Amino acid sequence: MIEDELLKWRFKCGSQDALRRIYEKYLNHLLTLAMALLSDVNTAQDVVHDVFVAFAKSSEDFKLQGSLRSYLATCVVNRARDRIRSNQRNAVGPVEPSIKESETGGPEQLVIASEEAQRLNCAIGRLPPEQREAVVLHIKSQMKFKEIAKLQGVSVNTALGRYRYALNKLRSILDGEVEK
Amino acid sequence: MKSVDQLEKTIRNKLSFTADGRLHNRILTEVLAAHEESKQGKSDPLSRNIRRVVMYSRIMKLAAALIIVGISVGICYITRDTHSSVAFADVVKEMQQIRTATWTEIDVVSPPKIKGAVQIVGNHIRQCAYKAPGHERQDTTQTLVDPRTGQPAEFKNIHIIDRNAGKALLLNPQEMTAAIHSFDPNVHQNALYDVFLNPPENIPSDAQSLGTKQIGNREAIGFRLQKKTDGTYPWSGDITDIWVDAKTRLLVMLETGAADGGWMFRLKDFAFNQELDDSLFSLDPPQGYRMLIPPPKILSVEPPKQD
């Protein structure tokens, strides 16, 4: 991704235009990722906002050898985990994915998604968090299993296993919906 | 039952959430404000930050251009060089008397569109105003494709800077929201005026004459400045063409861009020393605007961490 390398370099040099382009390029991708991980529109917006604001403030010290897409995705995952942990601490009972189809629209209609996207997101929201991460990071963020394993602190085989379990479970969830 | 491959393909292609224009603009405004605030918060030596400080806004860029012109004139005076030295001298002499200025900026050649990004239709148009000393305003208009409707929709933002007070007001007319951000006024003022009064020696002196041409109904004299390869030339483009009125020696048009033609923007429709109402530069949000609390300070972006 030569374009990303150029953007990284210009961002490092303080270019606001580069920041704007990175934002425009990855906003929807990170929003999709956060929605899949958190199943909540408002929290997903907050996470994406926080990631970009922190990123914007990091230009002076910004050092990145690898993929910008993976880096931003990793930041979203870390913040999403923090949010989930925070919710678990504050919640009385176990935290369940709370997405409803109408939530993606919301009263202000700030996040737009197709019905199929909402249905997929609901199904992904029923997976355990580590399986959710494996699926969306590999399929949507194009991260390698080696990178996912490193992020999750597990072996590559474990990450691969989580991915396979997740897909099988998703198939059964989605097929179950069809049968109904 | 769907195969695994089909399921992967479905997720890849169908699982997508899109921010609409309002959400896009709301977050972008705060991200850009955070970026600017971050840059102002750094206290690096001026010598390291001079380019960044000068590039803070379009007006600073114009000021930098004028400085370059002035320095070039000075050197040309010393060397008793060509015809262009006379024009440069006149330009600087006139420009140093300016109390107010207004102009329009447009993207002549926009950078390439980014796949997957919010689609921008047409050019960014920026209406700029300057009032001495240190008051600046920039009204930006851009047309984006609303991802919900697929139709072009116009979005505006306004940026007002008071360098004496060290404050900047960002207005979002779509959301009717406003945000104030502070910066160290000494950094900017000193950076601007120090450079103006004590121009560094590394500013290029090799302005190339472009001859004359008609711009509108005026005859204009042109000069080309090229960026130094060592990065000491404080201007954003690799090549900057300055066109001044042959009679008044005031700026008529200024174009700057990349050497490979990948992007270029133009400053035009200059008007100087007109009365500009102070309300244009007021840091008080207009009636009906809701003041936003500045985004929370986040010390640094976290590196990827492992659980």
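Two residues are in contact if their C-beta atoms, placed from the backbone, lie within 7 Å. Helices (H or I, at least four residues) and strands (E, at least two) are DSSP runs, numbered from the N terminus. Residues are numbered from 1 along each chain as its sequence is written, while chains are lettered from A and ligands numbered from 1 in the order in which they are written. This is a predicted model, in which local features need pLDDT of at least 70, side-chain atom pairs count only at pLDDT 80 or more, and totals for chains, interfaces and linings use all residues.

**Figure 1. Helices α2 and α3 of chain A pack against each other.** Helix α2(A) covers residues 16-38 and helix α3(A) covers residues 41-56. Their axes lie 9 Å apart, at an angle of about 145°. Axes are lines fitted to C-alpha atoms, for helices over the stretch in contact, and angles run from 0 to 180 degrees between N-to-C directions. The two helices cross in the right-handed sense; a crossing is left-handed if the near helix is turned anticlockwise from the far one by less than a right angle, and right-handed if clockwise. From α2(A), the contact includes A:Leu19, A:Tyr23, A:Leu27 and A:Leu30. From α3(A), the residues taking part include A:Val47, A:Val48, A:Val51 and A:Phe52. What kinds of residue make up the contact of α2(A) with α3(A)? There are 14 nonpolar residues, one polar and no charged. Here Ala, Val, Leu, Ile, Met, Phe, Trp, Tyr, Cys and Pro count as nonpolar, Asp, Glu, Lys and Arg as charged, and the others, Gly among them, as polar.

**Figure 2. Helices α6 and α7 of chain A cross at roughly 145°.** Helix α6(A) is residues 129-139, helix α7(A) is residues 145-152, and their axes come within 10 Å. This crossing is right-handed. A:Glu130, A:Glu133, A:Ala134, A:Leu137 and A:His138 of α6(A) meet A:Phe145, A:Ile148 and A:Gln152 of α7(A). By class, the residues of this contact are four nonpolar, two polar and two charged.

**Figure 3. Chain A contains eight helices and one strand.** Along the sequence, the elements of chain A come in the order α-α-α-α-β-α-α-α-α. Chain A has 180 residues, and 47% of them count as buried. A residue is buried if 20 or more other C-beta atoms lie within 10 Å of its own, exposed if 12 or fewer, and partly exposed in between, with C-beta atoms placed from the backbone. Of the contacts in chain A with a separation of 6 or more, 66% are between residues 24 or more positions apart.

**Figure 4. Strand β7 of chain B pairs with β6(B) and with β13(B).** Two strands pair if DSSP finds at least two bridges between them. β6(B), residues 167-172, and β7(B), residues 177-182, run antiparallel and are joined by six bridges. B:Ala168 has B:His181 as its bridge partner. The hairpin of these strands has four residues between them, and B:Met176 takes a positive phi near 55°. With β13(B), residues 290-291, β7(B) pairs in the parallel sense over two bridges. Here B:Thr177 is partnered by B:Arg290.

**Figure 5. Strand β12 of chain B pairs with β2(B) and with β11(B).** β2(B), residues 100-109, runs antiparallel to β12(B), residues 264-272, and seven bridges join them. B:Glu105 has B:Leu267 as its bridge partner. β11(B), residues 251-257, is also antiparallel to β12(B), with four bridges, and B:Thr256 is partnered by B:Phe265. In the hairpin of β11(B) and β12(B), six residues lie between the strands, and B:Gly261 in the turn has a positive phi of about 80°.

**Figure 6. B:Asn157 lies in strand β5 of chain B.** Strand β5(B) covers residues 152-162. Why is B:Asn157 classed as partly exposed? B:Asn157 is partly exposed because 19 other C-beta atoms lie within 10 Å. B:Asn157 touches B:Thr29, B:Thr140, B:Leu170, B:Leu171 and B:Asn172, not counting residues up to four places away in sequence.

**Figure 7. Confidence is given for each chain as pLDDT.** pLDDT is the predictor's confidence in each residue, from 0 to 100. The mean is 80 for chain A, where 83% of residues reach 70 or more. The mean is 70 for chain B, where 63% of residues reach 70 or more. pLDDT stays under 50 over residues 91-108 of chain A and over residues 43-50 of chain B. Where pLDDT is low, the predicted coordinates should not be read in detail.
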